[in-house]
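Please read the points below alongside the model.

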Amino acid sequence: DDNYFSFVRELPNEILVNIFSKLSFKDLCNVEKVCKKWYALAQLVWKSKRSLILHNLNLFGHEARLGLT
């Protein structure tokens, strides 16, 4: 078990962010609670998801209806 956790701890941030970006909202919330490093990386994913959602809303003309303009 210790070998597994040491392997995960040594993964590059880019790999972890990529993995985290594929998680559900619920799982991403749980990831934030693991440690400070994972919290910070999860924040990058949240920021990316927010940008994607707002970009998609803009593409489909929903920004006015949602009060985003």
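1. Contact, as used throughout, means heavy atoms within 4.5 Å. By that rule, and leaving aside neighbours within four places in sequence, valine 31 is in contact with Phe20, Leu23, Trp38 and Ala42.

2. On conventions: this is a predicted model, in which local features need pLDDT of at least 70 and side-chain atom pairs count only at pLDDT 80 or more, while totals for chains, interfaces and linings use all residues. Residues are numbered from 1 along each chain as its sequence is written, and side-chain values use heavy atoms, with hydrogens and water left out.

3. The secondary structure comes to 4 helices and 0 strands, where helices (H or I, at least four residues) and strands (E, at least two) are DSSP runs numbered from the N terminus. Along the sequence the pattern reads α-α-α-α. Among contacts between residues at least 6 apart in sequence, 35% join residues at least 24 apart.

4. The protein has 69 residues, and buried ones make up 20% of them. Buried means under 20% relative accessible area, exposed over 50%, and partly exposed in between (1.4 Å probe, protein chains only).

5. Which residues make up the largest nonpolar core? A nonpolar core is a set of buried Ala, Val, Leu, Ile, Met, Phe, Trp, Tyr and Cys residues joined through side-chain atoms within 4.5 Å. Here the largest one has 11 residues: Val8, Leu11, Leu16, Phe20, Leu28, Val31, Trp38, Leu41, Ala42, Val45 and Trp46. The elements giving two or more residues to this core are α2 (13-21), α3 (25-32) and α4 (36-59). The most comes from α4, with 5 residues. In soluble globular proteins, nonpolar side chains tend to be buried together.

6. Leucine 41 lies in helix α4 and counts as buried because its relative accessibility is 5%.

7. At 16% relative accessibility, tryptophan 46 is classed as buried. Beyond residues up to four places away in sequence, tryptophan 46 touches Phe25, Leu28, Cys29 and Glu32. Tryptophan 46 and serine 21 are 25 residues apart in sequence, with 8.3 Å between their C-alpha atoms.

8. Is leucine 44 buried or partly exposed? This residue of helix α4 has 49% relative accessibility, so leucine 44 counts as partly exposed. The C-alpha atoms of leucine 44 and serine 21 are separated by 9.1 Å, at 23 residues apart along the chain.

9. Leucine 23 is in the loop between α2 and α3. Its relative accessibility is 24%, so leucine 23 counts as partly exposed. Leaving out residues up to four places away in sequence, leucine 23 touches Leu28, Val31 and Lys49. Leucine 23 and valine 45 are 22 residues apart along the chain, and their C-alpha atoms are separated by 9.7 Å.

10. The largest pocket has a volume of about 200 Å³. A pocket, on a 1 Å grid over the protein atoms alone, is an open set of points where a 1.4 Å probe fits, with protein on both sides within 12 Å along at least five of seven lines; lining residues have an atom within 4 Å of a point. Grid points are joined across faces, edges and corners, and a volume is the space filled by probe spheres set on the points.

11. The lining of this pocket has 13 residues, with Tyr4, Val8, Leu16, Phe20 and Trp38 lying nearest its centre. At least two lining residues come from each of α1 (2-9) and α2, and α1 gives the most, with 4 residues. The lining divides into 12 nonpolar, no polar and 1 charged.

Methods: Nonpolar A, V, L, I, M, F, W, Y, C, P; charged D, E, K, R; others polar.
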